[in-house]
Amino acid sequence: MKNRHPLCLVAFLLCCCLCQGATAAETADKLISKVTLSRTSFNPAQKGKIELKYHLSRDAKVTVNVYDPDWGLIRSIAKESAQKTGENTITWKGLDNKGNIVPDEGYFFTIIAEDVSGKKEIYDPTTLSGGVTHDIVDVKIDREEHTIDYRMPEMGRVMIRVGIQGGPLMVTIVDWLPRVKGAVTEYWNGKDKDGLVDLLNIQKAKMIVTYFSLPENSVITYGNRKTTYRRYKKEQGKAVTLKPDRGILTENISHHYKLPRTIDYAPELTLDFSNTVEGKDDDDVVTLKGKTIVKVDLNKDDKEVFKNQQFEIAFFLDQKFYAEDEVGYTPFNWMWDLSQVELGEHILTVNISGFRDQVGVLSRKVRIIE
Amino acid sequence: MQWITGLLVILFTAVPVFADMAFVANLDGNWDLFTVEDDGSHLTRLTKTPYDEKDPAWSPNKQLIAYLTSDGQLNVIHVATGKTNRIPAGNRNLRKYSPAFSPDGKAIVYAQARSGTGDNSDLLLFNFESSRDRLVIDQHSIQMWPDFSPDGKKIAYANLHCNEACGHFIQELWETTTAGNRARQLLLTNAFCKQLVYSPDGKQIAYASDRGGNFDIWIFDFESNDQPRQVTTNKNTDESPAWSPDGRKIAFVSNRSGALEIWVKNLEGGALKKLTPFSGREVACRDVAW
């Protein structure tokens with residue numbers, strides 16, 4: 001310090017004072033801060049609960065809302081509740097506004113505080129976090145235990161698919177489900193969706209593990225065996241209040257983040273053949289000859305969900321591309337001329353791919369005879 | 001070649017029009033071809049096959065309909081007799097899409113997948129007199145939904161710019177000369193545009209686009225060059241527009257009622273009417289041509 005110019009020292013000290021003063025001013029202005037959750041997951045059916053803690057810099061009337069991943073209001077825990085300066089705690093037991101246990105999913109909170117002067121502040125984690133997409137490359141598959149192990153660097157919504165390079169998608173193992181931060185184990189028997197192909201023994205089989213982050217201070221509930229999220233939302237219908245859109249400031253947002261969970265999933269397909277040969281071998285193999293009509297359709301429930309979507313329909317024979325229609329619709333009745341197909345057993349796989357990356361998969365074993 | 005000679009005779013013979021609209025409907029488990037008058041009356045079933053028909057396109061004199069079958073091949077049907085023939089266009093091993101007759105009836109323009117996975121396609125012009133195909137334009141990616149301008153000098157079409165890499169599919173409107181020596185992009189919508197059709201006077205193009213979040217009918221006007229006009233605003237799917245011969249109405253397919261049905265909108269007054277060709281019975285319809 002002996003050799004430093006005295007003006008530099010004064011400038012340095014002045015700068016420090018100004019910065020500290022600015023920080024203090026910001027903190028003093030900020031009504032809501034230090035928002036934390038006691039846990040990242042819990043089971044409401046087993047009387048689990050979580051605590052949302054936050055700091056108020058001034059006395060305020062506070063409203064705390066719980067939202068589902070589609071921004072639907074699930075529960076108003078506090079409504080303009082008078083709260084004191086300092087740390088405050090709100091408990092949520094995983095119930096909705098009707099007292100029902102919420103379906104297994106990821107939920108987040110907003111806090112609206114209004115002080116005595118009428119100044120309002122909103123804590124909405126979706127404006128600052130959530131939706132950022134990442135791939136996970138460090139994945140361990142245990143063939144003996146039938147497990148997939150990986151580590152989540154943060155809470156996120158995960159998708160795991162296995163397909164054949166240059167060929168079909170064969171199975172969606174995890175279809176955009178919420179996961180906590182840390183070590184995760186998924187269960188997979190190594191086969192395609194219909195259990196016909198041992199994918200672990202196919203060299204060209206590739207696995208994709210990807211996720212997008214959940215908004216900060218999200219919590220995942222589990223253990224509800226009575227309903228699923230999609231069924232729950234269907235019963236809610238249009239009678240749901242949506243969180244206002246206050247903008248999303250984060251970049252590199254996955255387009256899946258903005259899609260409703262009620263439509264962003266792999267649809268179930270049906271596959272039928274005409275002109276089948278009866279009485280040949282077992283039920284798992286369809287015996288065909290000559291020409292057949294292959295009828296592809298969405299199952300009844302998914303038809304309603306996907307009615308507004310366009311998709312491609314692709315057929316693969318023994319995991320190799322066979323035919324495709326870029327402009328898909330269902331039911332799709334395709335005339336298959338079997339005279340060009342080698343006799344014997346094959347696996348026909350159908351992919352119906354939505355333009356928003358929902359892919360339905362179905363495979364069938366067929367036997368072609370003369 | 002004999003059938004082509006017959007086809008040419010039909011194309012150039014002036015005979016009264018029997019029907020207004022052509023479309024496909026799922027009456028008994030697959031999509032078959034139908035015609036109906038523009039008030040929904042006089043429904044006529046043209047095909048009864050176990051596979052699907054799609055993308056009907058009227059010939060200029062309205063005696064023939066070109067269409068696709070679900071094996072991806074081009075066909076033509078004589079409306080009065082019901083006689084069908086395969087059009088020997090393109091490569092029979094490659095899937096075809098969206099045919100459209102030229103205004104003089106001598107050719108059909110259509111899209112054909114390139115060999116392989118089908119993530120690329122070309123526009124081809126099949127001439128009935130020579131029975132030959134010609135590539136309309138050599139362009140990267142998927143070209144689809146071609147339509148001739150009424151003067152026969154231009155072809156408008158949709159070109160796929162981007163797919164999953166962009167987070168959503170982007171397909172924009174383009175226009176080329178029939179000779180294929182020049183092309184220009186007509187719109188920059190950052191959306192998926194499809195099923196485009198010139199108006200009878202050639203001054204506008206109607207198309208379906210998901211620019212508003214779901215598929216609606218839009219109109220691009222060449223003369224005003226303003227932003228395209230949104231014709232339908234329902235939150236369900238509206239697609240497959242078709243102009244009335246006088247250019248005052250647009251028919252389209254919509255599932256706003258819960259089922260895919262044909263609707264007609266009067267562009268001048270905005271009046272909207274649903275067609276009920278199946279006498280109130282709920283039958284899914286699509287791919288309307290007028």
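Select strand 22 of chain B, residues 261–266. Five of its six residues are buried, so the strand is largely enclosed by the rest of the structure. Buried means under 20% relative accessible area, exposed means over 50%, and partly exposed lies in between (1.4 Å probe, protein chains only). Strands here are DSSP runs of E with at least two residues, helices are runs of H or I with at least four, and both are numbered from the N terminus.

This is a predicted model, where local features need pLDDT of at least 70 and side-chain atom pairs count only at pLDDT 80 or more, while totals for chains, interfaces and linings use all residues. Residues are numbered from 1 along each chain as its sequence is written, chains are lettered from A and ligands numbered from 1 in the order in which they are written, and side-chain values use heavy atoms, with hydrogens and water left out.

**Both sides of strand 22**

Two strands pair if DSSP finds at least two bridges between them. Click Phe252(B): opposite stands Trp263(B) in strand 22 of chain B. Now follow the chain through the turn. Six residues lie between the two strands of this hairpin in chain B. In the turn, Gly258(B) has a positive phi of about 110°.

Next, select strand 23 of chain B, residues 272–274. Strand 23 of chain B pairs with strand 22 of chain B, again antiparallel, over three bridges. Which residue of strand 23 of chain B stands opposite Lys265(B)? Leu272(B) does. This hairpin of chain B has five residues between its strands. Stop at Gly270(B), where phi is positive and near 90°.

**The cysteines**

Stay in chain B and select Cys193(B). At 0% relative accessibility, Cys193(B) counts as buried. Go on to Cys285(B), which is also buried, at 3%. How many disulfides are there over all chains? The count is zero, with a disulfide taken as a pair of cysteine sulfur atoms within 2.5 Å.

**Zoom out to chain B**

Show the whole chain as a cartoon. Chain B has one helix and 24 strands. Its radius of gyration is 18 Å, close to the 19 Å that the globule rule gives for 290 residues, so chain B is as compact as a globular protein of that length. That radius is taken over C-alpha atoms, and the rule is 2.2 Å times the number of residues to the power 0.38. Buried residues make up 57% of the 290 residues in chain B.

Click Thr176(B) to find its bridge partner, Ala183(B), in strand 15 of chain B.

**Last stop: chain A**

Move to chain A. Another open sheet of four strands runs 9-15-12-13, with antiparallel pairing. Its edges are strand 9 (133–135) and strand 13 (169–179) of chain A. Select strand 12 of chain A, residues 156–164: strands 12 and 13 of chain A pair over eight bridges. Finish at Arg157(A), which stands opposite Pro178(A) in strand 13 of chain A.
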